[in-house]
Amino acid sequence: MRLDLRLAVPVATAWATISAATVLRADGAALCLVVLAVTLCAVMSAWALRRHPRLFASLLMIAVAGGATLLLAVRWSSVPLTPDDPPERCEVEARLNAGNPLPVTVDVAASECDGDPGPIGEALMLEAELNPQELGFGTRFTADCSTWLFEGTWMLECTDAVVLEQPTHAVLSAAWRGEFQQATAWLPGDGGALLAGLAIGDTSRTDDDLQKAMLDAGLSHLTAVSGANCAIVTGAGFAAAAALGARRGVRVIVAAATLVLFAVLVTPEPSVVRASLMAGIALLGLLRGEPRGALPLIALAVFAALFINPQLALTVGFVLSVLATTGLVVHSAPLGAWLSKWLPTPLALAIAVPAAAQLWCLPMLITLDNGVQPLSVLWNLAAAPAAPIVTVVGLVACIAAQFSGIIGGLIAAIAWPAAAWIGALARLSENLPSVQVPWPGGWIGAVLSAVLVAGALIMLRRQRLGSAVVAAACCLGLLSATVPQVVQWSALRDWRIVQCDVGQGHATLFRAAGQTVLIDTGPDPEALMECLATAHVDRIDALLLTHFDHDHSGAAEAVAGLTSTVVHGPTDADAAEQLHILAQHGVEAVEVEQGQRIDVGPIGIDVLWPPPESDAGNEGSLVLALHADADGVAELIVLGDIGERQQRRLKGSLPPAHAMLAAHHCSRDQDAALYAEVAPPVVLVGVGENTYGHPTPSCLSLIEAADSAALRTDLLGTIAIMADGTVWSERRAN
């Protein structure tokens, strides 16, 4: 199959240009002038060399790419960029860009901060006092919002929200989705939680654990409405009109109307925008009687989507959606033909579809999570027969639920076994050992994975050359990932403090004279055990739990066999349950309060907070000073999750320290005077992917103002402070 790249190359060039302009925050007018100059030069050169066919074709392609880029650049320059340094609190007027549960993206049309006009542009709203029925695409509202910048995204946490306008389509969408959720509320387990997500992209019943299991298994794309859903709906509308004897033009109009109604129902997420535009362009081609290849359709859809909303350029969901669709177009058929040499043709094609999509998404996935997960192809293969059943039957159930909740629920019950099967696959993958091929992260890993994809494409046509490219990419990737890790692992022995990378959570190791204590465990047992293996820890002399939130104590049971003592502060019902589980493993619990001292061999642990009779939770977190020498200087101060109010009460009572663990993942709720008083050379920040904006710019600024260095696990991975004071990290900061 010869690929038609005449549209794909110009659109890809335009996409890359505005993506780079967004990252570099380029000046819009200057960008447009540069692109215009390049385009004019290409046009004039093509005209001058029109008698040389190859040069003329190449220059013409550059001119088309320049024209496409110029159109997107003009549109991009009219869209407000994310503010560099948003004020901390603003009154905003915004419009919802989706109808799914929070968090959702919003377009801030106006803002007022301390009486002055504030920034405008796209933001991510984490919280708002909006009723679920008011969460609809296009809904306009005002709210009082806390604002901050997190990894280039403007974040909003809003209160006192008042709806100004809710479009009719948003009201209908919210009502239809609500009726469907009510009709299926009686369906149990993961099948009931996933049904609405698989059918119409409504994930409001899917809890964090199930979402994580779906993500780890590589099945999360099934709960995001994609081109497959749009194709099914469009085809159903077209077939229904044909069954009634309608002419081709009427069939196309009915199919288009069905597609629009479906897009409104599921809300226009990035994948829906891309899929809907692609289907719409295909329908136009069908109406004209001139069907086109799929690759040009993808290119047109991408260009239209970026022109409508240039901010999609760097949206992960949109990028993955386009890559997966392109992979299916380019790779699935030839990959299936190649596999059919050894496998039955139906099985070969079933494997080729998820494998092609996964292969093309690989460069993007590498930037999100180091490592390649080959088992995700297996899970997608097993889920493939069930996904269309849930989509079709679930959509019929959603329509029926608008007229009768009982009938809608009974129809949904037909799809429930298929949804439950997909949920069971996600749970099974979660319970099996993780199979991950090591791969370098960052841009190096992305480039090598792109070479791997190119080699796979070449291999299907020219096997020897393609095999050589794939082999070279695999060797370079494995060597780049494993050799540095082996060297670092073997070198990490003489450490004093280790801050484990356990995602959004805390887990810290401290060692002196052969005695080891673990402060908190983080939420992920697998990540914690990996950190213990890296630090060569097979015994813990005492487990110290600052408090019982999941991100601090969720993995406690995983180390129950390595320790005999757990030290903790105030308890509640959740704490009692965790302590009971530890007690069943023979772990003795010791409750402490302000003013007490615990000795673990040569390690002295002063309890500086909380006062007697404090409540459990963040405000009752243990604050600890760990000593290994009698010089009065603490080796490590742990602040738990206490806030500014508690920190102010501790001023004057903390000793000087060589290192300190930032409170509450470096949230905004900090007391600058406390950090300045202790002024440790190093402040460790245990933080991972989150929507809270941790670590916040204000927290990082006060650490810098105290002449301390902030060492973050989200950038550096696991961090170790060696006995000689040097710092080791799992990876370099990006």
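Axes here are lines fitted to C-alpha atoms, for helices over the stretch in contact, and angles between them run from 0 to 180 degrees along N-to-C directions. With that in hand, here is a tour of this predicted model.

**Helix packing**

Let's start with a helix pair. Helix 1 spans residues 8–24 and helix 3 spans residues 53–77; the two pack with their axes 8 Å apart, at an angle of about 40 degrees. Are they parallel or oblique? Helix 1 and helix 3 count as oblique to each other, because angles under 35 degrees are the ones called roughly parallel, and 65 to 115 is the roughly perpendicular range. As for handedness, helix 1 and helix 3 make a right-handed crossing.

**Salt bridges**

Next, the charged pairs. Side chains of opposite charge can pair when their charged atoms come close. How many salt bridges does a search of the whole structure find? The total is 14.

| Pair | N to O distance |
|---|---|
| Arg597 and Asp599 | 3.3 Å |
| Arg597 and Asp606 | 2.8 Å |
| Arg712 and Asp714 | 2.7 Å |

Arginine 597 is partly exposed, at 45% relative accessibility, while aspartate 599 sits at 54% and counts as exposed. That call on aspartate 599 holds because the cut-off for exposed is over 50%.

Elsewhere, salt bridges link Glu93, Arg140 and Glu165 into a network.

Where is tryptophan 176? Look in helix 4, which covers residues 168–183. Tryptophan 176 has a relative accessible area of 31%, so it is partly exposed.

Finally, a few spots in the backbone. Most residues other than glycine have a negative phi, and most peptide bonds are trans. Against that background, the peptide bond running from tryptophan 609 to proline 610 is cis, with omega near 15 degrees. Proline 610 lies in the loop that joins strand 14 (603–609) and strand 15 (623–627).

Alanine 513 has a positive phi, near 50 degrees. It is in the loop between strand 8 (508–512) and strand 9 (515–519). Aspartate 520 also has a positive phi, near 65 degrees, and belongs to the loop between strand 9 and helix 18 (525–534).

Which of these residues is buried and which is exposed? Aspartate 520 is buried, at 1% relative accessibility, whereas alanine 513 is exposed, at 70%.

Terms used. Residues numbered from 1 in each chain as written. Predicted model: local features only at pLDDT ≥ 70, side-chain atom pairs only at ≥ 80, totals over all residues. Heavy atoms only, no water. Helix = DSSP H or I, 4+ residues; strand = E, 2+ residues; numbered from the N terminus. Buried < 20%, exposed > 50% of the residue type's maximum accessible area, 1.4 Å probe, protein only. Salt bridge = Lys/Arg side-chain N within 4 Å of Asp/Glu carboxyl O. Parallel < 35°, antiparallel > 145°, perpendicular 65-115°, else oblique. Left-handed = near helix turned anticlockwise from the far one by under 90°.
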